[in-house]
Amino acid sequence: MKKRSILAVLLIALMIFAAGCGSKEPADNGGGQEQQEQQEEQQQESSGDSQIADSSEMTEVEDVVEDWMVPIEGKDLKDGTYDVTVSCSSSMFKISSCELTVANGEMTAVMTMGGKGYRYVFPGTGEEAVAAAEADYVLPVEDASGAHTFTIPVEALDKGIDLAAFSDKKEKWYERTLVFRSDSLPLDAFADGILNTAESLALADGEYTVAVELSGGSGKASVDSPAKLVVSGGKCTLTVGWSSPNYDYMVVEGEKYLPVNTEGNSVFEIPVSVFDRFITVLADTTAMSTPHEIEYKIRLDSASIQ
């Protein structure tokens, strides 16, 4: 009888133990399912990351947003279509030309590419491109010459804009930064009151000095800064003194200007109509085997006017 009691107790204990193990099984399965879900999420994240080229897979990235730049929005421009220069953070994303359309304060750009290596582009980062629906990707369109073009919205000029480009060959997204440059637009493209002029700065007739910034060319040439600025009847004339005697003329807004001196480094008096934005000028140099017109950009800093 005692043995039967002991056996009964053992049997009951075994049943309780088995039931306890059974009650833990769903919890273990739940934990396993959660772990599996975490692993799947990590795999998805890893898969997303693997679709974006990292720095080791890219050429040197250039900072294309310059210190002087202040964003210009569509409302700051007159409606129309303009040729615009685009700076890109990567030399591998070659834009041979670009056309900017402004309509009712909104801007779009048609970029004509120098090749056909990109399957599509996405206005945003690589991470945003991976997460986006394929219907949101911008597909290339062939123009009359057979070149690929991409049409994208432009939030502002003189501002870094994220663009992800999907490489056909590498099967990866490459992140780019684009800057649509306002200094490549004609001055009459800007709405009234947007550009700093002698009138908006309330410059009375007289003689001033102003800091001059020069860019372009080989980078070897320079100009005198500060330089003389004469205001007369609301029009400004800048005296440009070059670091070389070999410039025989300059072209500003289609007009040719000759040196005002005959000895020493070349000096010109040229009209300027805006401040704080680069204007394009041509300077012809005779220092080479044959004369060459070289494109430069000049910017006058209104804060430095004295």
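**Group meeting: a sheet, a loop aspartate and the cysteines**

Good morning. Strands S8 (residues 161–167) and S9 (residues 172–180) pair in the antiparallel sense over 7 bridges; strands here are DSSP E runs of at least two residues, and helices are H or I runs of at least four, numbered from the N terminus. Two strands count as paired if DSSP finds at least two bridges between them. Within this pairing, Ala164 has Glu175 of S9 as its bridge partner.

This is a predicted model, in which local features need pLDDT of at least 70 and side-chain atom pairs count only at pLDDT 80 or more, while totals for chains, interfaces and linings use all residues. Residues are numbered from 1 along each chain as its sequence is written, and side-chain values use heavy atoms, leaving out hydrogens and water.

I turn now to Asp76, which lies in the loop between helix H1 (2–50) and strand S1 (80–83). Asp76 is buried, at 10% relative accessible area; buried means under 20%, exposed over 50%, and partly exposed in between, with a 1.4 Å probe and protein chains only. Leaving aside residues up to four places away in sequence, Asp76 touches Pro71, Phe190, Ala191 and Ile194, contact meaning heavy atoms within 4.5 Å.

Finally, the cysteines. Cys88 is buried at 13% relative accessible area, and Cys98 is buried at 5%. With a disulfide defined as a pair of cysteine sulfur atoms within 2.5 Å, the count is 0.
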